[in-house]
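Let's take a friendly walk through this fold, strand by strand. Have a look at the picture before reading on.

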Amino acid sequence: MKIALMDSGNGLLAAAAAVHRLRPDAELVLSSDPASMPWGPRTPEDVTARALGCARAAAAHRPDALIVACNTASVHALAAIRAELEPGLPVIGTVPAIKPAAAGGGPVAIWATPATTGSPYQRGLIRDFATGVEVTEVPCPGLADAVERADDAAVDAAIAAAAALTPYDVRAVVLGCTHYELVAERIRAAVRRPSAPPVALHGSAGAVAAQALRRIGVSPAPDAAPAGRLTVLLSGREGALGQAALSYPEGRSLVAVGAARP
């Protein structure tokens with residue numbers, strides 16, 4: 001079994017780690033284009049072109065499924081990727097976890113890239129799944145790029161700016177960019193208010209990983225023996241996870257099996 005994931009950069013790590021937890025025996029293909037990071041400020045046409053490039057590179061390795069582990073790419077390029085690769089290759093998009101966040105009532109904040117914030121796609125999800133719930137869309141310029149570089153100072157500055165735009169009484173925050181899941185606890189700390197319960201964070205990695213397994217008809221088997229095969233594609237060429245990726249537990253978990261190869 002082989003699962004491919006694509007993103008502009010390290011945002012795919014959270015979903016890849018979730019797949020590895022569910023099926024340690026799955027081979028993983030990680031396809032990204034870090035030189036074009038970030039995708040958030042780019043035009044929809046540019047995002048689509050770059051996302052298709054990552055998808056094609058991953059598909060060349062004949063995976064059983066492809067996860068588009070990027071909210072921005074899912075918003076702008078998912079239809080184009082599916083049109084080219086399905087039905088031969090199941091393609092799973094990433095949807096912001098607005099539905100489960102809104103299920104507990106509001107206020108809810110959605111942190112996302114500038115390209116996703118206010119998009120018809122995200123507004124449609126709010127309309128469909130959060131009717132009657134107070135929702136604030138919070139743009140987070142620079143946060144994905146800072147996470148990509150593992151630049152702690154820039155991450156803290158971007159989180160602080162987004163926290164300042166987040167309602168004081170927010171109950172839940174939707175992490176509307178896969179990069180943000182890598183710094184989830186720092187986001188939780190930034191939005192927590194004195195004498196208030198911890199804010200619930202809602203990411204997509206676990207749900208996307210589970211959906212990929214369902215699409216190919218296999219069940220979770222977290223006790224399976226690790227396959228230990230990891231292929232990393234950088235702009236279509238085989239490489240290795242960089243130091244920034246390895247600064248996150250999710251990145252380290254992918255090479256901890258001991259057989260990841262450059």
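Two strands count as paired here if DSSP finds at least two bridges between them. The model you are looking at is predicted.

Start with β1, which covers residues 2-7. Strand β1 is mostly covered, with 5 of its 6 residues buried. It pairs in the parallel sense with β2 (residues 27-32) over 6 bridges, and L5 stands opposite L30 in β2. Helix α1 (residues 13-22) belongs with these two strands: β1, α1 and β2 make a right-handed β-α-β unit. Strand β1 also runs parallel to β3 (residues 65-68), joined by 4 bridges. There, I3 has A65 in β3 as its bridge partner.

Now for another part of the chain. In what order do the 4 strands of the open sheet come? The order is β6-β5-β7-β8, with parallel pairing. The edge strands, β6 (135-139) and β8 (200-202), each pair on one side only. On average, neighbouring strands of this sheet are turned by 25 degrees against each other, direction ignored.

Within that sheet, β5 (residues 108-112) runs parallel to β7 (residues 172-175), and W111 has L175 in β7 as its bridge partner. Helix α8 (residues 184-191) lies across β5, β7 and β8, and it runs at about 140 degrees to β8.

Here are the strand pairs with their bridges:

| Strand pair | Bridges |
|---|---|
| β1 and β2 | 6 bridges |
| β1 and β3 | 4 bridges |
| β5 and β7 | 4 bridges |

Key:
Residues numbered from 1 in each chain as written. Predicted model: local features only at pLDDT ≥ 70, side-chain atom pairs only at ≥ 80, totals over all residues. Heavy atoms only, no water. Axes fitted to C-alpha atoms, helices over the stretch in contact; angles between N-to-C directions. Contact = heavy atoms within 4.5 Å. Buried < 20%, exposed > 50% of the residue type's maximum accessible area, 1.4 Å probe, protein only. Right-handed = clockwise from strand over helix to strand, strands pointing away.
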